[in-house]
Structures are given as structure tokens and as C-alpha cells.
There are 2 protein chains.
Amino acid sequence: METTTQAGSPAQPRAPLSKERVLSAAVALADEGGVDALSMRKIAQALGVVPMALYKHVANKNELLDGMIDVLVGEIDPPAGNTDWKTAIRRRVLSARRMLLRHTWATEVIESRMKARATPTPAVMEYLDSMIGIFRAGGFSVDLVHHAMHVMGSRLLGFSQELFEDSSGREPDPDAMPPEEMAARFPHITELAMAVAHDPDSVVGSGCDDQFEFEFALDLTLDGLERLLRRN
Amino acid sequence: METTTQAGSPAQPRAPLSKERVLSAAVALADEGGVDALSMRKIAQALGVVPMALYKHVANKNELLDGMIDVLVGEIDPPAGNTDWKTAIRRRVLSARRMLLRHTWATEVIESRMKARATPTPAVMEYLDSMIGIFRAGGFSVDLVHHAMHVMGSRLLGFSQELFEDSSGREPDPDAMPPEEMAARFPHITELAMAVAHDPDSVVGSGCDDQFEFEFALDLTLDGLERLLRRN
DNA sequence: ACCTGAACACCGTTCAAGT
DNA sequence: ACCTGAACACCGTTCAAGT
């Protein structure tokens with residue numbers, strides 16, 4: 001009802017807009033509506049600013065996305081000291097995973113920007129570098145850590161990569177296949193799905209215990225690497 | 001110079017437009033210019049047709065993308081008979097990888113559509129089902145094949161997922177870091193990069209032997225699974 | 001010198017008007 | 001009944017006109 005500035009509450013509609021404010025507004029918007037719905041115009045609107053004002057702090061949308069990735073990488077826990085390489089890597093990767101689960105759009109943006117850029121951003125480089133450092137301190141040769149980084153690739157800044165994620169709240173398929181046809185055409189999937197559904201330990205409704213599956217895969221890889229290391 | 005139909009060459013500008021023609025035109029355009037540059041309008045133009053004509057064969061752009069994925073899955077070699085599960089899986093995954101390398105935009109589209117859809121398309125389901133079938137025929141329990149599918153996840157319809165791919169032909173970074181600063185800030189990356197650069201066996205210029213790295217990671221996973229299988 | 005509105009060249013998709 | 005042009009509601013970004 002009152003458009004002029006009130007005495008008691010300065011209304012502060014004009015906090016001085018910085019790159020940080022732009023980036024965190026962008027991250028918040030992406031968290032809410034996904035990265036496809038993210039536009040320069042909407043970020044500006046959320047900040048109470050004209051669209052062109054953003055271009056004073058980021059050169060273009062790609063640079064904005066790079067900045068958003070750096071914000072995310074900053075959320076990954078720093079490496080733990082006083083442990084062996086295996087638990088240090090394990091904790092770090094699981095911390096990265098938690099970040100990825102908080103920001104569902106992260107893998108998409110990271111992957112597409114990594115593909116487009118000649119070099120990852122410094123923040124990503126720093127993260128990768130400290131990962132390599134943990135392996136090296138654990139006694140890995142340069143060659144073996146090279147392979148290890150490639151093996152870990154998809155999990156380092158990885159993907160939860162669930163093939164059959166919880167499907168509630170997604171586009172419902174108007175002409176979905178009837179269960180009988182499913183069972184006839186895809187017997188192995190059906191068998192597997194049935195086993196999962198009847199497993200009392202599995203999470204009700206969602207089917208797969210994503211966390212368990214992720215750790216299972218991670219440990220399989222880490223054990224394999226450890227075996228190679230011992231063989232030196 | 002001649003706009004009317006010639007006698008010798010019927011000019012056939014009006015092949016009757018089918019869903020298949022639309023999809024293969026879309027795949028060809030994506031192969032050329034990437035999926036970001038793909039638009040309904042450009043597909044129509046390539047087919048010599050008005051944009052709205054496409055909507056007779058695909059309901060919307062998402063359905064178009066789903067159809068394109070099916071075209072790609074159709075390019076993966078069928079499972080080989082007369083072999084053990086390990087070589088059968090290996091061949092199939094490597095065939096999928098070759099498809100992914102032919103269509104650089106594939107992983108991006110597959111990942112984003114898998115995330116959006118409640119169920120993968122039937123063609124993708126068929127592929128996954130026959131994969132599970134190979135494991136089952138190899139003696140895997142339903143439980144173990146369940147885990148195996150999760151482990152293989154990122155490689156099944158996977159990602160080449162190279163962290164440091166050949167950077168030629170990508171956006172050059174105007175303010176790239178000087179090598180000395182690189183070495184100081186990222187010692188481990190530098191060490192690794194140097195070792196790779198001085199390895200006479202590595203591919204000149206591109207740095208990493210992507211194919212070798214992919215197979216290294218794949219075999220590490222497969223060997224781990226085999227060990228679990230033997231332990232039954 | 002700084003800021004910004006209008007404009008440009010695009011999108012996917014709707015819809016009513018044409019045949 | 002079919003087909004399609006124009007239009008709608010968006011984009012990211014340029015640029016010239018305002019202060």
C-alpha cells in the first residue's frame with residue numbers, strides 16, 4: 001500500500017548487486033524451477049533489476065553457468081586429513097554426491113559446460129587437483145592415478161545416474177504400457193523389478209535404494225583400484 | 001536457374017514426409033550442428049516443409065527427441081550369441097560407445113530425456129532388457145544383476161566422460177592461465193599432464209588415449225563383478 | 001561515463017483463417 | 001477435412017538513445 005521508503009524499515013530494494021548476488025540468485029532459481037526454466041530475464045526479475053544490469057557482472061549466459069558451477073563446487077567438503085586415501089576419496093566423492101542431489105540440475109550444467117570449455121573453471125581444477133593429491137599421497141604412481149581419475153570420472157563430479165529413478169512427479173505417460181505387455185516384452189526388467197518390489201529392505205515406493213547402489217558401485221571401483229595398487 | 005520440374009530428373013521435392021524422414025533429418029542436423037542448434041524450424045527447412053507440417057508426425061519437440069534416441073539405440077549391435085556373458089556385455093557396451101562417439105550430442109539428450117520421462121522409450125527398454133538377459137544367462141542372480149546394472153549405469157548407454165578431452169576447436173579462453181601459474185596452483189594436474197605428454201605411447205596432441213581409458217575402466221568393473229559372481 | 005529501453009533475430013506452439 | 005500463415009509468449013544479446 002506504501003510505495004515510498006518507510007522510516008522504520010528502509011525497504012532496501014537496492015542492495016548493490018554483485019557477481020555473488022547474481023550467482024546465488026541464479027542457483028536459487030535453478031533449484032526451484034530447473035535450469036531449462038532459468039533465463040537472464042527471470043534472474044533480473046528476481047533481483048528487482050532490469051535484465052541488462054546483469055551483463056555488468058557476467059559477460060553472458062555461459063559465464064553465468066560457469067559461475068554457478070563454481071558455487072556448487074564450493075559446497076563440496078574439503079578433503080579430510082588424518083586418513084588413508086581410500087576413506088578420504090570416499091568421503092569427498094560422497095560429499096560431491098550430496099551436493100549433486102541438492103542441485104538436481106548440476107550434472108546437466110557441469111557436463112555441458114565441461115564439453116564446451118577448453119579448460120574447466122579454476123574452482124573445478126582445484127577440486128580435481130586435490131583429488132589427485134589424495135591418490136598421490138596414498139602411494140599411487142602418476143600412471144595409476146591417471147587411470148584412477150578416468151575410472152572415477154563419472155562419479156567424481158558424477159551422476160547419480162539412476163536408470164529407474166522415483167518416477168512420481170514426472171510427466172505421466174498418457175499411453176503407458178499395460179503391465180502384462182511389459183512382462184511379455186521385457187521379461188528380465190520385470191523379473192528384476194518384481195524382486196526389488198518384494199524386497200522388504202528396499203525403500204517403499206521408490207524401488208531402488210539409490211544410496212546403497214551408489215556406494216556399492218563406488219566400493220567395487222575402489223577395491224579394484226586397491227588391488228592394482230598392491231600389485232604395484 | 002530452372003525452377004520448374006525437369007523431365008529427366010523429376011526433382012521429387014515432395015517425398016511424402018514420414019516420422020522416419022523427420023527423425024533422420026533431425027539426427028543428421030544434430031550430428032552437424034549439435035542439439036542446441038536443433039530447432040523445429042530448421043528441421044522443417046531442411047525437409048523443404050513448413051514448420052507446422054512436422055507436428056503431424058511428432059506431437060512436440062520432446063517426442064521428437066525421444067524418437068531420435070530410438071534411432072540411436074537402433075544403431076547398437078544386437079547381442080552376440082555363442083559367447084560368455086563377459087565378452088557379450090563387453091562387445092555390446094563398446095558398440096554403444098561407438099554409437100555415442102558418432103553422435104556427440106547423444107549422451108546429453110539421453111540423460112535429459114531419461115530424467116524427464118517416467119519410463120524410457122520401448123527401444124531403450126528393449127536394449128536394457130537384453131543386457132539384463134545376458135547377465136542372467138551368465139548365471140547372475142537377480143540381486144547381483146540388479147547391482148551390476150547400477151554399476152554399469154554410466155557406461156551402458158554411457159558417457160565417454162573424458163575430463164580432459166581434446167580441446168582443439170573449442171571456445172578458446174581469452175584469459176587462459178599462464179603455464180607457470182597452472183603448475184603452481186595445480187601441481188598434481190600438471191604432474192599428471194606432463195607424464196601423459198611425455199609418454200611416447202600416448203596419442204600425439206590429444207593427450208589421453210580415450211579408448212584405452214574407457215576399456216581400462218570397463219574391465220576393472222567387469223573383473224570386480226566376476227569376483228563377486230565366483231564368491232556367489 | 002554510465003545506464004537502459006527498444007529492437008533484433010531467434011524459439012516452440014496455438015489457433016484461426018484459408019482451401 | 002486438411003493444411004498453414006500469422007500470431008503469441010517467450011529467449012539472449014546488441015545498440016543507440018537517453019541521462
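This is a predicted model: local features need pLDDT of at least 70, side-chain atom pairs count only at pLDDT 80 or more; totals for chains, interfaces and linings use all residues.
Start by selecting residues 16-76 of chain A, which an unreviewed UniProt entry lists as "domain: HTH tetR-type". The span is 57% helix and 0% strand, and its end C-alpha atoms lie 28 Å apart.

Next, show helix H1 (residues 19-33) and helix H3 (residues 61-73) of chain A. Two packed helices are described by the angle between their axes and the distance between the axes. Here the angle is about 80° and the axes are 9 Å apart. Angles of 65 to 115 degrees count as roughly perpendicular, so H1(A) and H3(A) are roughly perpendicular to each other.

From H1(A), select Lys19(A), Val22(A), Leu23(A), Ala26(A), Val27(A) and Ala30(A). From H3(A), select Glu63(A), Leu64(A), Gly67(A), Met68(A), Val71(A) and Leu72(A). The contact residues divide into nine nonpolar, one polar and two charged.

Then move to the aromatic rings. The count over all chains is six aromatic pairs. One of them joins Trp85(A) and Phe140(A), edge-to-face, at 4.7 Å centre to centre and 75° between the planes. Trp85(A) lies in helix H4 (residues 85-102) of chain A, while Phe140(A) sits in the loop between helix H6 (122-137) and helix H7 (142-156), so the pair ties together parts 55 residues apart in sequence.

How values were computed
Residues are numbered from 1 along each chain as its sequence is written. Chains are lettered from A and ligands numbered from 1 in the order in which they are written. Side-chain values use heavy atoms; hydrogens and water are left out. Rings of Phe, Tyr and Trp (its six-membered ring) pair if their centres lie within 6.5 Å; planes under 30 degrees apart count as stacked, over 60 as edge-to-face and the rest as tilted. Helices (H or I, at least four residues) and strands (E, at least two) are DSSP runs, numbered from the N terminus. UniProt positions are given in the numbering used here, feature names are shortened, and annotations may be inferred rather than shown by experiment. Axes are lines fitted to C-alpha atoms, for helices over the stretch in contact, and angles run from 0 to 180 degrees between N-to-C directions. Angles under 35 degrees count as roughly parallel, over 145 as roughly antiparallel, 65 to 115 as roughly perpendicular and the rest as oblique. Contact means heavy atoms within 4.5 Å. Ala, Val, Leu, Ile, Met, Phe, Trp, Tyr, Cys and Pro count as nonpolar, Asp, Glu, Lys and Arg as charged, and the others, Gly among them, as polar.
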